[in-house]
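Here is a model to go through by question and reply. Each label is set against its cut-off.

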Amino acid sequence: MDKILEQSLLYDFYGELLTSHQKEIYEDFALNDLSLAEIAEMRDISRQGVHDIVRRCNRQLSGYEEKLHLVERFLKIQKKIEEIRLLAHELSDSEAFDRLQAAQCAQKIEGVCGEILKNL
């Protein structure tokens, strides 16, 4: 997984566990793609201070994931849902079932998958 996606997922799952100051700086760096120097200037702190906060946040977020594995579980569920969607498309193309029944079944499966994704 690329670093940006990993940072975003970790922040999505565990960002609320950071202090408000950490969240603001981490969001600027990881989500808003600002440089350390830009953040330092905006916040009136040193570039090294910003770097330390970002590094500390990365360590904290990774530590939460090591203990809780929420992102890992989310990605596994997402993969399984994609497999179900592929099966639903195969089912709708199958000649073993009445085409209408197969298409209805596929629509139901896709609907359930969509609901699961919304609730994750």
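Q: Why is lysine 23 called buried?
A: This is a predicted model. In it, lysine 23 has a relative accessible area of 19%. Buried means under 20%. The value is under the cut-off, so lysine 23 counts as buried.

Q: Where is lysine 23 found, and which residues is lysine 23 in contact with beyond its neighbours within four places in sequence?
A: Lysine 23 belongs to helix H2, residues 20–31. Leaving those neighbours aside, its contacts are Tyr11, Gly15, Glu16 and Leu18.

Q: What makes the pairing of the lysine 23 and glutamate 16 side chains a polar contact?
A: The distance is 3.2 Å. A polar contact needs N or O atoms within 3.5 Å, one able to donate a hydrogen and the other to accept it. The pair is therefore counted as a polar contact.

Q: Why is phenylalanine 29 called partly exposed?
A: Its relative accessible area is 26%. Buried is under 20% and exposed is over 50%. Phenylalanine 29 falls in between, so the label is partly exposed.

Q: Which residues does phenylalanine 29 touch, not counting those up to four places away in sequence?
A: They are Gln7, Leu34, Leu36, Ile39 and Val54. Phenylalanine 29 itself lies in helix H2.

Q: What does the pair of arginine 43 and glutamate 24 tie together?
A: Arginine 43 is in helix H3 (residues 36–43) and glutamate 24 is in helix H2, so the pair ties together parts 19 residues apart in sequence. Arginine 43 is partly exposed at 29% relative accessibility. Glutamate 24 is partly exposed at 37%.

Q: How many salt bridges does a search of the whole structure find?
A: The search finds five. One of them joins arginine 55 and aspartate 52, at 3.7 Å from N to O. That value is within the 4 Å limit, so this pair counts too.

Q: Why are arginine 55 and aspartate 52 separated by about one helical turn?
A: Both are in helix H4 (residues 47–68), and they are three residues apart. Arginine 55 has 41% relative accessibility and counts as partly exposed. Aspartate 52, at 24%, is also partly exposed.

Q: Which residues do salt bridges that share partners join into one network?
A: The network is made of Glu24, Asp28 and Arg43.

Q: How do lysine 76 and glutamate 72 pair, and where do they lie?
A: They form a salt bridge, with the closest N and O atoms 3.2 Å apart. Both lie in helix H5, four residues apart, about one turn of the helix.

Q: What is the reach of helix H1, and how is it set against the expected span?
A: Helix H1 (residues 3–14) has twelve residues and reaches 16 Å from its first C-alpha to its last. That is close to the 16 Å expected at 1.5 Å a residue.

How values were computed:
Residues are numbered from 1 along each chain as its sequence is written. This is a predicted model: local features need pLDDT of at least 70, side-chain atom pairs count only at pLDDT 80 or more; totals for chains, interfaces and linings use all residues. Side-chain values use heavy atoms; hydrogens and water are left out. Helices (H or I, at least four residues) and strands (E, at least two) are DSSP runs, numbered from the N terminus. The expected span of a helix is 1.5 Å times one less than its number of residues. Buried means under 20% relative accessible area, exposed over 50%, partly exposed in between (1.4 Å probe, protein chains only). Contact means heavy atoms within 4.5 Å. A salt bridge is a side-chain nitrogen of Lys or Arg within 4 Å of a carboxyl oxygen of Asp or Glu.
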